[in-house]
Amino acid sequence: MNTTTLSEILARDIKIIRNRWVKLDIRELIPKHKKDFESIEKLKTLDLEELKLILPELLEWLQDMNWPIAREIQTILLHFPEDLTPHIRRIFRTSDGEWKYWILYSLLTDLPKHILIDLKPDLERINNYPTEDEKSSDLKYIVEDLLQRLE
């Protein structure tokens, strides 16, 4: 028995038509500057599957949470807790202590506990064996707080 509603059928068909005829390149919607709220509003209209394609590029906008669009992007990213884990791990392998700081301080504090459990080895590494950029960005206290959430 098919339980698909008319509105679900119409939404699916509209998406198919849009993808076929408009051929929107989602990468064109990646913000281009710190005040690109127009792109943010367009991103909010896309479905989550489409947004998954540009998660790494959106995470780049969390390199400084003082940028005007950073909080808006963080709100979008919080819809993808499970999908963010490999990208967060990639950030932890960089030498950008400030980016790590904002990921830990702003993003990870708002992610569900099970994501922190997945990232626990990374958090323990930062806590116990910090790199120079992690030391200079003073990540220890944030990491300790996140690890305490896991106890």
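K52 forms a salt bridge with D83, with 3.7 Å between the closest N and O atoms; a salt bridge here is a side-chain nitrogen of Lys or Arg within 4 Å of a carboxyl oxygen of Asp or Glu. This pair links distant parts of the chain, since K52 sits in the loop between α3 (48–51) and α4 while D83 belongs to helix α6 (residues 81–92), 31 residues apart. D83 is partly exposed at 29% relative accessible area, and K52 is partly exposed at 31% (buried means under 20% relative accessible area, exposed over 50%, partly exposed in between, with a 1.4 Å probe and protein chains only). K52 also meets E49 in a salt bridge of 3.1 Å, N to O, and E49 is exposed, with a relative accessible area of 52%.

The model is predicted: local features need pLDDT of at least 70, side-chain atom pairs count only at pLDDT 80 or more, and totals for chains, interfaces and linings use all residues. Residues are numbered from 1 along each chain as its sequence is written, and side-chain values use heavy atoms, leaving out hydrogens and water.

For an overall view, the protein chain has 10 helices and 0 strands (helices, H or I, of at least four residues and strands, E, of at least two are DSSP runs, numbered from the N terminus). Of its 151 residues, 39% count as buried.

The whole structure contains 13 salt bridges. In one of them, the side chains of R27 and E57 come together at 2.7 Å, N to O. R27 lies in the loop between α1 (6–22) and α2 (37–44) and E57 in helix α4 (residues 55–59), so the pair ties together parts that are 30 residues apart in sequence. R27 is partly exposed at 42%, as is E57 at 23%. Elsewhere, salt bridges link K100, R125, D133 and E134 in a network.

Turning to the aromatic rings, the structure holds 4 aromatic pairs (rings of Phe, Tyr and Trp, the last by its six-membered ring, pair if their centres lie within 6.5 Å; planes under 30 degrees apart count as stacked, over 60 as edge-to-face and the rest as tilted). Y101 and W102 make an edge-to-face pair, because their ring centres are 5.0 Å apart and their planes stand at 80°. Y101 and Y105, by contrast, are stacked, at 5.5 Å centre to centre with 10° between the planes. Both tyrosines lie in helix α7 (residues 97–107), 4 residues apart, about one turn of the helix.
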